[in-house]
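Please read the following report alongside the sequence and the model. It takes up the domains, then a sheet, then a helix.

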Amino acid sequence: MTWETVIGLETHVELATRTKIFCSCTTRFGGDPNTHCCPVCTGMPGTLPVLNKKVLEFAVKAGLALNCDITRYSKFDRKNYFYPDLPKAYQISQLYLPIARDGAVPIHTDAGDKTIRIHELHMEEDAGKLVHDPWIDQTRADYNRCGVPLIEIVTEPDFRTAGEVIAYLEKLKETLQYLGVSDCKMQEGSLRCDVNLSVRPMGTDGLGTRTEMKNLNSFKAIARAIDYEAKRQIELIQEGKRVVQETRRWDENKDATYAMRSKENAQDYRYFPEPDLPPIELSEEYLDGLRAAQPELGEAKRARYQAEYGLPEYDSQMITSDSVLARFFEDLVALGAPPKQGANWIMGEVLGALSTRAMEPKDMKLTAPTLARLIALVGEGKLNRNTAVKVFEAVFDTDGGVDAYVKEHGLEQVNDDGLVRDIAAKVLEANPQSVADYKGGKEKAFGFLVGQVMRELKGKANPQSVNAILKELLGQ
Amino acid sequence: MNIDTEMVDYIAELSRLELQTGEKQAMTAQLEQIIAYMNVLNKLDTTGVEPMSHVFPVKNVLREDEVVPSQDRAELLAGAPVPDEEAFLVPKAVD
Amino acid sequence: MKLTELTALELGAAIKKGEVSIKEAVQAALDAVAVRDKELNAFITVTGEQALDQAEQLQAGVKDAASPLYGVPMAIKDNICTRGVKTSCASKILGDFAPPYDATVTTKLADAGAVSLGKLNMDEFAMGSTSETSFYGPVKNPWDLERVPGGSSGGAAAAVAAGMGWYAVGSDTGGSIRQPASYCGVTGMKPTYGTVSRYGLIAYASSLDQIGPLCRDAADCAAILDVLQGRDPRDGTSLDGQYGNLLGGLTGDVRGLRIGLPVDCYGDGQDGEVKTAVLAVADVLKARGAEVVELSFPVMEYVVPTYYIIAAAEASSNLSRFDGVKYGWRAEEYEGLKDLYCKTRTQGFGDEVKRRILLGTFVLSSGYYDAYYRKALQVKAVIKDAFDKAFQQCDMLLTPVAPTTAPRLGESLSDPLQMYLSDVYTVSVNLAGLPGLSMPCGFDSRGLPIGAQLIGTHFGEGVLLNAAHGFQHDTDFHKRAPKGGDLA
């Protein structure tokens, strides 16, 4: 029998607001334990939540971008459970009237195009962090993350393969980054996934018993956990055993999922409307305003880069893979850089420099005007490209002044053909063997001669004119 | 709905409360009596009545996204039953 | 001049004129506490030294004082946070918790020049109608030490009645200001929901809780509410000040005021003396030019169950944070995390609190939510509607505060359901978010105070206070003090 895997995702995304969802403490990552806290986010008695305006705005923007229906009258609910990372012993979330519902996300995989339906999107608060200290055999509760705003995006069980899941997550990540509502850094936990998975005989309609996998913090882990869990369930069924509905934890080191203790599974969250937060009623004007302000997303940008700038599909894909790079590219073009040249610099030098420094585009110091100036100098024939790359390396980390650097280091391209001709003649004179080799048909020897001329001119000559002059002197 | 000791055990577990055997009997009887009394609400037909969680039409109470300095950590931790200079301490809670 | 016989406004005026120093006033109140509170047990914490220090500091500013209550000593119910001062909710579980923040009302009072004498005893977490469920022992009624002062703001009512401070601020979730005010013969008011900030009020039932004053008369009540009212950015449910300056609006003129008598509130299960005294209020107001209308309020049998379902549900959630981890008391012995929670909560909460937590957990639990909690929210809408209809026919309702005068100590707790039923006249006011005022309107044959309740429309505080002011102009029930109450 062949089996089909059925997967639904619950993705928690941390919103890029300055302050927490219900108090004015910073959301900055890190910090000493319990230093980003106040009586509200540590659940002190008598304190009350007040909703951050930006959280609502970001959640609605995300809902719109995921093609959801925005709930005009929305409320918060309390989800009650005891755990030391939750100081109020309830999480403020949305169950009955989430901010957005019924969305759709088109994805593209090697197997073709598909639409993933979004069941709902809601706002909620993050919990704190628990760290066990084996020396004192006590767990430390750090509430810095408590109250950091999240949106949870719940899909319908529309995925059939790990590839589809990854394609969806890539799309989600790209969309949210373009919107500016989240930086989606998985390693800092700002994008986290729970995977609901069941299997069924191919061609049947019913849903099998599902398990929920938590603790998935990289695309790789998600893909491997899905493959592992599908296989585990199929084997169970084939052995005549039953799949138990439970929450399973993915263990990255062991490459396996294992069941969490059943007590943690027994839950009755006793949701009820949060009395401390008045409802949210969104007007058409508010929604129209946000709709009008929605930025161009990756999909549209890729199409436009190809149509408007004539970039190849590959280039468009590379540049739009990150909203910061796309913005950088558009700024370069706006500053007069030829699109293809701008794209080449980004895909070559910029990405290379970032990768050797293990940096994210958003942390890059180099600004578009600096690179645009460099590209212009090359275009005007004032710098040759090799020298320009050296200048790039020199200014990348500080966004230093290009013109000043070129002047200070005397790097301006030598456009004096007379001088090039004199040097070339000297080089030919000094290297009779190479001249002979070249004339005997060894193309490599010509490269050597060009290199010698460039060396004499400290790399500042225009390679094209060096080529032309050498060939002329060699009698061609 | 009849409240029995099994139900009381269940809600006590959810509430993180423990009842001794004698106490449990008494509590069960009281809750049973109280809940039986509450069933008087069933006399009232509320079909189509929207549940009212907030009594006033107050809505959209929002704050600006502006950081206010957090509270001094020592003050926040001062009332913790088991003191530590940087965190609240609990028995092992991480798997 | 016997200082403790003055009203808060009279004392405030004397302080302003320089006839009395703030320190003298504080000392008079502290003397009363020293003499009377051993038997009354109205205070959990007395901050005498702080009060005397504060009196000295405030004295310098008397001339520039804006509030008519500047320098007047008062006290605060122990579920309202006071920075650095123990705030226990009369529960073992909060231990010696001294919050690192003030409630908004605490700040407002301090800004108005109020001098706090300390923190007042109450039913544990404001759950109770007798002030007997306190971990710190029961409060006694100053009119009869064998009787309860009412609850949950029993310490507040007893303190004001016994001259231990000129006014108090308490909280009212289902009658917790009005009923003890009634049992102790003082004036108290639960304002419109949202007009006084709840920030720093340790929540019992968030959708019903309101802070309000307990004091000597309607004028004091107006002056205190003028200090307390106003929107607070830290409380999302607080409303913009909608009733303006209350003290300035007091005339006692009730001509043309339509007073509604809900016939359903004058039926069975009510003490005859209570009924007579309350109905006599209508006569006094009628004599001042008001009209009296009889009307029906056909939802009385639903109000108590609706209230207890909603209040218990919210309480079960609000009180989950007390777990021995972040603040307050932790059980001495436990094995592991879950046991820490269970032991701390089991030993830290009293029986009435546990009963309501269990009840609330039940009505929210899977399978029962719709039948109980959701149903109660629907009935709440029906009750609100009944009030709206009643207020089409009148401007204010007049009812008893409680079916009887103060019961004996120990009488109520043995039968929780019976105790819940005694809240029948007060809880609907919280469900509908309306203002309710309790004022002394007579004494029964045992000499115990009887209270009348005035219920107004949203933001109708001014109407209620004006009617009470008029009534108090023509009567002296509010001026009578229990024996031993006139010390200074």
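Chain A is divided into domain 1 (3-284), domain 2 (296-408) and domain 3 (417-473), with bounds that come from an automatic or database domain assignment. This is a predicted model, in which local features need pLDDT of at least 70 and side-chain atom pairs count only at pLDDT 80 or more, while totals for chains, interfaces and linings use all residues. Residues are numbered from 1 along each chain as its sequence is written, and chains are lettered from A and ligands numbered from 1 in the order in which they are written.

The C-alpha centres of domain 2 of chain A and domain 3 of chain A lie 32 Å apart. Their contact (C-beta atoms, placed from the backbone, within 7 Å) takes 4 residues from domain 2 of chain A and 5 residues from domain 3 of chain A.

In chain A, 9 strands form an open sheet of mixed pairing, in the order β3-β7-β8-β11-β1-β12-β13-β14-β15; strands are DSSP runs of E of at least two residues, and helices runs of H or I of at least four, numbered from the N terminus, and two strands pair if DSSP finds at least two bridges between them. The edge strands of chain A are tabulated here with their partner counts.

| Edge strand | Residues | Partner strands |
|---|---|---|
| β3 of chain A | 69-70 | a single partner |
| β15 of chain A | 256-259 | a single partner |

Strand β14 (residues 247-251) of chain A pairs with β15(A) in the antiparallel sense over 4 bridges, and Asp251(A) stands opposite Ala256(A) in β15(A).

In helix α11 (residues 385-396) of chain A, the buried residues (20 or more other C-beta atoms within 10 Å of their own, C-beta atoms being placed from the backbone) include Thr387(A), Val391(A) and Phe392(A). The buried residues of α11(A) pack against α9 (339-356), α10 (368-379) and α12 (402-408) of chain A.

Definitions and conventions: Two residues are in contact if their C-beta atoms, placed from the backbone, lie within 7 Å. A residue is buried if 20 or more other C-beta atoms lie within 10 Å of its own, exposed if 12 or fewer, and partly exposed in between; C-beta atoms are placed from the backbone.
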